[in-house]
Amino acid sequence: MILGQVSWLDCFVFLLFLAPQLIIHVGFFPTLFCGIKALPFLLIRLPLAFLYERLLLAKPHQPAFVQQASWFEDVVIRCVRYAFAYIPAEIGRVFFSKGAALPFLRWRMLRHGYMRKPVHWEEIKRKDFHGVWIIKDKTKMPDVVLYYAHGGGFSMGTSYFYLEFLLAFHTLLSSPTYTHTKFHNPAILALEYTLVPQASYPTQLHQAIAGYKFLLSKTHDPSRVVFSGDSAGGTIILSLLLHIGNTQSNLKGTKTKAVSEGGNDIQGVVPALAVLISPWTTLISEKDRNTKSDYLDANNLHQYARQYVGSRHSTSDPSISPGNCKDVAWWRRACPSKGLLVMWGREEVFAPEIRDWVELLEGSDVSVTSREEKGGIHAWPVASLFLSSTKEERMKGLMQIVGFIGENMAIDTGGGGIIEVDGKNVAGVTRP
């Protein structure tokens with residue numbers, strides 16, 4: 001299912017769904033105060049800055065994103081930039097909540113002629129993790145599974161806010177036109193990890209480990225699994241890979257740092273691929289600087305990072321902040337068997353740290369493909385699917401990702417030995 005561009009009507013309908021959720025979860029007066037506080041921006045600063053940069057500035061002097069964005073994209077990103085900088089996380093998370101996002105998706109589907117779900121999806125609620133399971137035919141074993149962790153600065157975001165993106169992802173995985181091979185029964189597991197401040201690290205890593213074990217019980221073969229995530233979700237995925245690659249601690253008879261129980265039976269069991277979209281590689285870095293194009297706010301990000309790390313751990317710990325891992329041997333053990341794809345926007349806050357990390361991998365004989373989007377902002381493949389005015393621009397990022405997966409994965413896998421996960425034997429590709 002691939003829907004059209006979000007319209008002004010969609011934005012209005014989303015606000016109708018959002019308003020009662022804000023009143024229920026935040027309260028009437030805090031919501032009202034937040035709205036009143038935003039009025040100077042909406043009525044004065046936004047239109048003045050928009051008119052100045054788009055109409056008065058010569059194109060070479062415009063911000064890089066503005067040069068290529070439509071008026072609709074420009075206005076929406078300016079509003080998102082304000083929200084990330086000035087709206088408290090406890091209010092912002094309601095924007096991404098299931099209560100607002102799922103009815104909005106239903107509306108979008110109805111507007112495009114979908115009266116029912118085009119593919120099966122269901123909630124997974126287990127003691128050790130929650131998620132959303134999407135699969136073409138639930139009666140059959142999947143031949144490829146995408147394991148996705150959403151972004152949101154660890155403090156907001158849900159799988160339901162990403163559901164339209166994931167359903168489009170699933171549609172492309174099912175098409176030989178984009179994958180260059182036929183996946184008969186693709187599936188996606190979207191991890192629904194606990195947000196801060198309700199929980200801090202290593203809770204989210206434990207949940208990611210449990211989700212991976214669940215996938216291995218479904219596929220019986222890690223060579224069918226693709227890890228993926230954007231922003232903070234990319235951090236969790238990279239931490240999971242480093243945990244999988246941290247086999248040396250077990251050889252020495254010691255426990256993995258910060259992961260005191262569970263998960264050791266997946267160490268060395270790497271997936272086939274990993275696709276990272278604007279990963280938050282280094283949680284706190286002096287290279288993080290606000291840009292005129294991106295919507296992220298570095299100061300707030302660093303605050304969320306400290307909440308995620310908590311009081312018992314350090315923001316410099318490479319298991320928590322993967323960009324701080326300079327051990328190339330560890331990265332070789334952690335690398336998926338068929339490599340990584342890393343995508344980011346040239347104008348985003350995280351760009352300098354992502355470039356440094358990719359250069360480290362490239363210099364370490366790790367199989368990595370990198371794509372930096374000129375004029376791109378944070379998580380541009382996700383944002384463009386909703387906002388870009390042409391189908392080509394909306395699908396560009398997803399088509400590149402799905403093409404990469406199709407080119408690097410074969411349906412009929414021979415496995416790489418037998419491993420045991422939670423007492424069950426599964427075919428495995430392991431690293432020494």
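Q: Which residues does E373 touch, not counting residues up to four places away in sequence?
A: This is a predicted model, where local features need pLDDT of at least 70, side-chain atom pairs count only at pLDDT 80 or more, and totals for chains, interfaces and linings use all residues. Residues are numbered from 1 along each chain as its sequence is written, and side-chain values use heavy atoms, with hydrogens and water left out. Contact means heavy atoms within 4.5 Å. On that basis, E373 touches W344, G345, R346, W380 and K396.

Q: Is E373 buried or exposed?
A: The residue sits in strand β8, residues 368-373 (strands are DSSP runs of E, at least two residues; helices are runs of H or I, at least four; both are numbered from the N terminus). Buried means under 20% relative accessible area, exposed over 50%, partly exposed in between, with a 1.4 Å probe and protein chains only. E373 comes out at 15% relative accessibility, so it counts as buried.

Q: What polar contact distance joins the side chains of E373 and K396?
A: A polar contact is a pair of N or O atoms within 3.5 Å; within protein, one must be able to donate a hydrogen and the other to accept it, and residues adjacent in sequence count only if both atoms are side-chain atoms. For the side chains of E373 and K396, the value is 2.8 Å.

Q: Are α7 and α15 roughly parallel or roughly perpendicular?
A: Helix α7 (residues 163-173) packs on helix α15 (residues 380-387) with axes 10 Å apart, at about 95°. Axes are lines fitted to C-alpha atoms, for helices over the stretch in contact, and angles run from 0 to 180 degrees between N-to-C directions. Under 35 degrees is roughly parallel, over 145 roughly antiparallel, 65 to 115 roughly perpendicular and the rest oblique. So α7 and α15 are roughly perpendicular.

Q: Which residues of α7 and α15 make the contact?
A: From α15 come P381, V382, L385 and F386. The α7 side supplies E164, F165 and A168.

Q: Which residues touch the most other members of the largest nonpolar core?
A: A nonpolar core is a set of buried Ala, Val, Leu, Ile, Met, Phe, Trp, Tyr and Cys residues joined through side-chain atoms within 4.5 Å. The largest has 123 residues. The residues asked for are Y147, F165, F169, F227 and I405.
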